[in-house]
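Visitor: I'd like to learn how to read a model like this one, feature by feature. Could you take me through it?

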Amino acid sequence: MIRTAALGVMLILMLSVLNSASGLPVTGGNGALCCTVFDMFKGPLYQGGSYDADRMVLYLDAGLRWSNGSYAVLPRVRYVLIDGNDRSYIRDAASSRPISPGRELLAFAVPREAIPKSLVVDSGIGEVFKVDFGEPLNYSDENITVTYYGIVGSRLDYSRKVLDIDVSVRNNSTSPLKVSPENYTLVDQWGWGYRATDGFEPKTLSANESIRGVVRFRYLAPSSIPSLLLYNLSYGDGIIVITEGRCENTTETSAEQNSSGECNRCAVNENSVKGRVAAAKERLARVRAARDAES
């Protein structure tokens with residue numbers, strides 16, 4: 001099994017920019033039209049100049065096309081968001097913004113804890129249809145459940161990028177579990193890791209206790225694009241990879257595999273974040289290739 005250094009054992013969650021944690025993009029249609037949701041994120045809600053601490057604006061980056069693939073520009077489309085508790089929310093027209101013909105940033109005022117479930121599209125052409133988002137990405141075993149809910153804030157200036165990410169951790173074991181924002185590391189498209197700086201208050205979870213909150217990454221390079229979210233487990237010695245909504249438990253390669261010319265050409269230090277990510281992706285590819293060969 002892979003042995004780790006400072007960061008310990010990692011749970012890897014794919015984020016929305018490359019392969020979304022919720023499986024984005026997702027598409028639904030009625031035969032005449034199809035709607036694709038490419039991305040979703042939350043931002044602060046201000047009303048009357050004051051900040052609403054209980055609600056946020058959920059933004060959906062959505063595109064509408066005809067069945068032949070051409071852009072559909074329909075001014076009277078009615079969008080309704082459904083959350084995990086089957087509550088419905090009407091699009092906030094004042095906060096929504098067009099992006100390009102047929103594509104729009106849809107805004108919905110929702111409770112902070114709301115988990116998007118589906119988008120209902122009523123275009124007046126054909127039947128009403130919906131776009132399902134699926135369940136939030138999570139990893140669970142007998143000790144812990146870690147869930148990723150999405151980005152809830154981002155800021156960019158000339159020298160750095162700041163990201164706030166909504167997560168939760170549940171203690172499935174009978175032993176106390178210490179959790180803090182520092183358990184999380186964000187990896188960009190170049191394999192560079194950034195440790196979370198702050199967020200929710202560190203806490204020791206009792207058996208069956210959970211905590212949901214924000215982890216903040218304050219010092220990303222301006223050009224960094226989030227690619228992976230790592231969670232530093234405090235037990236075990238393997239790397240678990242979650243991607244495209246599927247879970248693979250990967251195991252260590254044999255000595256013969258490690259001595260192959262292909263691996264030697266990589267020459268990546270597996271004690272680095274980049275090395276662990278590269279090694280995990282390589283093993284995942286081998287596991288899937290083996291399964292495809294068996295099927």
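Visitor: Let's start with N208: where is its place?

Guide: N208 sits in the loop between strand 18 (203-205) and strand 19. Keep in mind that this is a predicted model. For backbone angles, the general idea is that most residues other than glycine have a negative phi. N208 has a positive phi, near 65 degrees, and is not a glycine.

Visitor: Is N208 buried or exposed?

Guide: The cut-off for exposed is over 50% relative accessible area. N208 counts as exposed because its relative accessibility is 51%.

Visitor: And what is phi of D86 near?

Guide: Phi of D86 is near 65 degrees, again a positive value in a residue other than glycine. D86 belongs to the loop between strand 5 and strand 6 (88-90), and with a relative accessible area of 53% it is exposed.

Visitor: Back to strand 19. Which residues does G213 touch, leaving out those up to four places away in sequence?

Guide: G213, which lies in strand 19 (residues 210-220), touches I165, D166, V167 and F200. F200 is 13 residues away along the chain, yet the two C-alpha atoms are separated by 5.4 Å.

Visitor: How should I think about nonpolar cores?

Guide: In soluble globular proteins, nonpolar side chains tend to be buried together. Here the largest nonpolar core has 24 residues, and C35, V37, L60, Y79, F108, L119 and F133 touch the most other members. At least two residues of this core come from each of strand 3 (33-47), strand 4 (50-66), strand 5 (78-83), strand 8 (103-111), strand 9 (116-122) and strand 10 (129-132). Apart from it there is another core, of 23 residues, including V146, V167, F200 and V215.

Visitor: Which residues does F108 touch, not counting those up to four places away?

Guide: Among them are M56, L60, Y79, Y89, R91 and L119.

Visitor: How do I describe a pair of aromatic rings?

Guide: A pair is described by the distance of the centres and the angle of the planes. The structure holds three such pairs. One of them, Y46 with Y51, is tilted, at 5.7 Å centre to centre and 55 degrees between the planes. Y46 is exposed, with a relative accessible area of 55%, while Y51 is partly exposed at 43%.

Visitor: What about charges over rings?

Guide: Look for a charged end placed over a ring face. The charged end of R103 sits over the ring of F38, 3.9 Å from its centre. R212 lies over the face of Y149, 3.8 Å from the ring centre.

Visitor: Is D52 buried or exposed?

Guide: D52, in strand 4, is buried, because its relative accessible area is 17% and the cut-off is under 20%. A polar atom of the D52 side chain lies 3.0 Å from the backbone nitrogen of D54. Setting aside neighbours within four places in sequence, D52 is in contact with L45 and Q47.

Key:
Residues are numbered from 1 along each chain as its sequence is written. This is a predicted model: local features need pLDDT of at least 70, side-chain atom pairs count only at pLDDT 80 or more; totals for chains, interfaces and linings use all residues. Side-chain values use heavy atoms; hydrogens and water are left out. A nonpolar core is a set of buried Ala, Val, Leu, Ile, Met, Phe, Trp, Tyr and Cys residues joined through side-chain atoms within 4.5 Å. Buried means under 20% relative accessible area, exposed over 50%, partly exposed in between (1.4 Å probe, protein chains only). Helices (H or I, at least four residues) and strands (E, at least two) are DSSP runs, numbered from the N terminus. Contact means heavy atoms within 4.5 Å. A polar contact is a pair of N or O atoms within 3.5 Å; within protein, one must be able to donate a hydrogen and the other to accept it, and residues adjacent in sequence count only if both atoms are side-chain atoms. Rings of Phe, Tyr and Trp (its six-membered ring) pair if their centres lie within 6.5 Å; planes under 30 degrees apart count as stacked, over 60 as edge-to-face and the rest as tilted. A charge sits over a ring if NZ of Lys or CZ of Arg is within 6 Å of the ring centre and within 35 degrees of the ring normal.
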